[in-house]
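Please keep the sequence and the structure in view while reading the points below.

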Amino acid sequence: MARLVLTALLALFVAGQQSHAFYYTNYIKHSSSSASPVNVVDDITKKMAVFFREDALRVGQTLPFRFPAPVTAPLGFLPRHVADAIPFSSATLPSVLAQLGIAEDSPQAAKMEDTLAMCEAPGLSWEAKFCATSLEALVEGAQGVIGTQDVTEMLSKVPRAGSPRLQAYAVRAVRAIEGSTFVGCHQKEYPYTVYMCHSTGPSRAYEVEMEGTVDGDKITLLAVCHTETSEWDEDHVAFKVLGTRPGGPPVCHVLPYGHILWAKQNASVSA
């Protein structure tokens, strides 16, 4: 059954997958990383402005963003019993590729390999991290990290079709989300839906209403500001973009369409 479902997904995956708009990097350096810091900054600039300082979250301030249409797995989450029956590790990737008829040197295989590597990479000493291949695993993982079954998912309100124009967005309202630790989940590229999730560590989260200064698009973004960055890799792209260093001012980023912020149930949102 698992093989039949994945074979049906494969044709769509090969035909349409592209890079996601959101640029997520590990907090710590791994020896397998080959991209230079300069190239990484160039790449993020081309895709979407992501990182900014917390003091930019004030009414009247402007921030540049671009939101390409997100790429999602054609059939969404697999049923849990199907997803759990499919090996999900770098060690078993060759057999999965062979099962699906994906060439090991193909772009699709490279995307799958990158996703698995990110899922398997260790986090910081305080960071809880997991990858979810089913909806049930996603919810249970967030509950485990936050420490309660009473959790809620929060999403940015951005046009699903995207807003590809790079433009300045004016901040119209800022509301703080109650809590100090959250779980952020970012969809990764794979033949079926996979979310890479991690605890945010000490942080502040906000719901931010913004308006495009060119086309007037109204969006509501979730933003997370990491207040403790002393253990982050000094070459992390955020420091290159902001001109800061580990242990410096909070590093903030947005969550674009389809990425999830988990918080305790009924967490208040206040101005």
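The model is a predicted one, in which local features need pLDDT of at least 70 and side-chain atom pairs count only at pLDDT 80 or more, while totals for chains, interfaces and linings use all residues. Residues are numbered from 1 along each chain as its sequence is written, and side-chain values use heavy atoms, with hydrogens and water left out.

**Nonpolar cores**

- M210 is one of the residues that touch the most other members of the largest nonpolar core, which has 19 residues; F52, L57, F65, F67, V208 and L221 are the others.
- A nonpolar core is a set of buried Ala, Val, Leu, Ile, Met, Phe, Trp, Tyr and Cys residues joined through side-chain atoms within 4.5 Å. Buried means under 20% relative accessible area, exposed means over 50%, and partly exposed lies in between (1.4 Å probe, protein chains only).
- Another core lies apart from it and has 15 residues, including V82, I86, V96 and M112.

**The protein as a whole**

- The protein has seven helices and twelve strands. Helices (H or I, at least four residues) and strands (E, at least two) are DSSP runs, numbered from the N terminus.
- Of its 271 residues, 49% count as buried.
- Among the contacts with a separation of 6 or more, 75% are between residues 24 or more positions apart.
- The protein exposes about 12600 Å², of which carbon and sulfur atoms supply 51%. Accessible areas come from the Shrake-Rupley method with a 1.4 Å probe, and for residues only the protein chains shown count as cover.

- Helix α5 (residues 107-120) has 14 residues and reaches 20 Å from its first C-alpha to its last, close to the 20 Å expected at 1.5 Å a residue. The expected span is 1.5 Å times one less than the number of residues in the helix.
- The buried residues of α5 are Q108, A109, K111, M112, T115, L116, M118 and C119.
- Helix α6 (residues 135-146) has twelve residues and reaches 17 Å between its first and last C-alpha, close to the 16 Å expected.
- In α6, the buried residues are L138, G141, A142, Q143 and I146. Their cover includes β3 (129-132), β4 (151-155), β6 (183-188), β7 (194-199) and β11 (260-264).
- Just after α6, G147 takes a positive phi of about 90°.

- I260 is found in strand β11 and is buried, because its relative accessible area is 8%.
- Leaving aside residues up to four places away in sequence, I260 touches L138, E153, M154, L155, V183, G184, C185, Y195 and L255. I260 and V183 are 77 residues apart in sequence, and their C-alpha atoms are 8.0 Å apart in space.
- P164 is found in strand β5 (residues 163-177) and is exposed, because its relative accessible area is 60%.
- Beyond its neighbours within four places in sequence, P164 is in contact with R66 and F67. P164 and R66 are 98 residues apart in sequence, with 5.3 Å from C-alpha to C-alpha.

**Salt bridges**

- Side chains of opposite charge can pair when their charged atoms come close.
- The structure holds eight salt bridges. A salt bridge is a side-chain nitrogen of Lys or Arg within 4 Å of a carboxyl oxygen of Asp or Glu.
- R204 and E54 meet through their side chains in a salt bridge (2.8 Å, N to O). R204 lies in strand β8 and E54 in the loop between β1 (51-53) and β2, so the pair ties together parts that are 150 residues apart in sequence.
- R204 is partly exposed, with a relative accessible area of 38%, whereas E54 counts as buried at 17%.
- The side chains of R80 and E140 also form a salt bridge (3.0 Å, N to O). This pair links distant parts of the chain, with R80 in helix α3 (residues 80-83) and E140 in helix α6, 60 residues apart.
- A further salt bridge pairs the side chains of D235 and K240 (3.4 Å, N to O).
- Salt bridges that share partners join R80, D84 and E140 into one network.

Definitions and conventions. Contact = heavy atoms within 4.5 Å.
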